[in-house]
Amino acid sequence: MSIIMKCPDIALGLAGNGFAVGKSGSAGSIVFTQNLPQGGFSTLNDGFYASAFFYLPGSVTPGALYFLNSQFWQNSGTNRGVLWSVNIDGSDSKFQILFNNDASNSGTYTATVPTSSVTNNAWHHILIAHSGNSGYGTKAYFDDSAVTAAETGSLTNLTAILTDDSMIGGFFDTSGNPVGSANGIAYQNIYFSRYGADDPATESNRRKFINADGTPASGTPILPSVASAGDGLPNMFVSGNKDSVDNFENPADAGSYSITRTNIFAGPSVKIDVS
């Protein structure tokens with residue numbers, strides 16, 4: 001006689017399952033009174049790393065993703081700051097990071113992912129890296145697999161306006177007013193570093209962000225220092241759960257800020273059946 005035992009579902013913890021922004025009827029956002037990624041981010045010559053986990057609930061499309069938005073990015077009078085969002089282009093989802101100094105001085109870094117791969121009701125990971133003046137160029141990974149990456153524009157020097165607000169989960173209108181989202185998209189470990197020396201094609205470099213099983217790596221990812229001992233720290237590392245979400249890296253050159261969390265809820269659990 002054989003005995004078959006079924007183990008309970010095991011939750012793959014995503015560091016508290018992240019945080020969901022808004023829900024039906026309750027628009028949400030996380031607003032910082034500081035342009036987080038531009039703390040000491042005065043040049044793109046040394047490249048950058050951008051990494052985040054996200055979860056699209058129900059039938060929400062990737063075009064609703066807002067990883068980061070500076071207050072006056074789309075203001076017609078200034079067009080300054082950083083925008084990290086997704087643009088739907090035919091059958092593709094283009095994860096785009098745009099740096100603006102003004103309307104005529106910008107740079108865009110794009111990772112192209114088939115929209116069919118960005119499935120709903122599942123956690124995903126996106127990594128976009130740029131090596132700066134020399135090295136591997138621009139590379140991107142979606143769920144730890146390489147995807148097409150490209151860069152346009154010739155922007156190298158950034159005008160850092162730290163007093164501008166920045167937002168996760170929503171966007172600012174053309175006057176710089178916050179507009180929240182009621183889509184309930186969950187995020188975790190939104191990371192920005194101003195140095196991109198590590199080639200992400202080397203697996204050990206990606207493991208600083210994502211484990212081989214798809215879960216977030218533990219701790220704060222630290223990249224190689226370029227000029228001083230502390231400059232491998234990220235400019236921003238927004239993490240935590242619905243009760244504690246904050247920027248847990250605030251380098252000395254980034255200044256101080258306050259944070260307003262509006263309608264932030266628990267992120268979804270991810271479970272596997274190990275029967």
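Which residue in β7 is the bridge partner of Trp-84? In β7, Trp-84 is partnered by Ile-97. The structure is a predicted model, in which local features need pLDDT of at least 70 and side-chain atom pairs count only at pLDDT 80 or more, while totals for chains, interfaces and linings use all residues. Residues are numbered from 1 along each chain as its sequence is written, and side-chain values use heavy atoms, with hydrogens and water left out.

Strands are DSSP runs of E with at least two residues, numbered from the N terminus, and two strands pair if DSSP finds at least two bridges between them. β6 and β7 run antiparallel and are joined by nine bridges. These two strands form a hairpin with two residues between them, and Gly-90 in the turn has a positive phi of about 65°. β6 (residues 81-89) also pairs with β5 in the antiparallel sense, over three bridges; here Leu-83 in β6 stands opposite Asn-69.

Ser-93 is located in β7, which spans residues 92-102. Relative accessible area, found with a 1.4 Å probe on protein chains only, defines a residue as buried under 20%, exposed over 50% and partly exposed in between. Ser-93 counts as buried because its relative accessibility is 0%. Its side chain makes a polar contact of 2.8 Å with that of Thr-115. A polar contact is a pair of N or O atoms within 3.5 Å; within protein, one must be able to donate a hydrogen and the other to accept it, and residues adjacent in sequence count only if both atoms are side-chain atoms. Contact in the wider sense means heavy atoms within 4.5 Å. Leaving aside neighbours within four places in sequence, the residues in contact with Ser-93 include Pro-62, Val-86, Ala-111 and Val-118.

Thr-61 counts as partly exposed because its relative accessibility is 45%. Thr-61 and Ile-185 are 124 residues apart in sequence, yet their C-alpha atoms are 9.8 Å apart in space.

In β4 itself, eight of the eight residues are buried. In a regular strand the side chains alternate between the two faces of the sheet. In β4 both faces are covered, with Phe-48, Ala-50, Ala-52 and Phe-54 buried on one side and Tyr-49, Ser-51, Phe-53 and Tyr-55 buried on the other. β4 runs antiparallel to β9 (residues 123-130), to which eight bridges join it; Ala-50 has Ile-128 as its bridge partner in β9. Six bridges join β4 to β15 (residues 185-193), also in the antiparallel sense, and Tyr-49 is partnered there by Ser-193.

Met-236 belongs to strand β16 (residues 236-239) and counts as buried because its relative accessibility is 0%. The C-alpha atoms of Met-236 and Asn-247 are separated by 6.0 Å, although the two residues are 11 apart along the chain. Beyond neighbours within four places in sequence, Met-236 is in contact with residues including Leu-36, Leu-68, Ile-190, Phe-192 and Asn-247.

A cavity is a set of points on a 1 Å grid over the protein atoms alone where a 1.4 Å probe fits but cannot get out, and its lining residues have an atom within 4 Å of a point. Grid points are joined across faces, edges and corners, and a volume is the space filled by probe spheres set on the points. One cavity of 30 Å³ or more was counted, and the largest cavity has a volume of about 40 Å³. Among the residues lining the largest cavity are Ser-51, Phe-53, Asn-189, Lys-208 and Phe-237.

Terms used
1 Å grid on protein atoms, 1.4 Å probe; cavity = no way out; pocket = protein on both sides within 12 Å on 5 of 7 lines; lining within 4 Å. Helix = DSSP H or I, 4+ residues; strand = E, 2+ residues; numbered from the N terminus.
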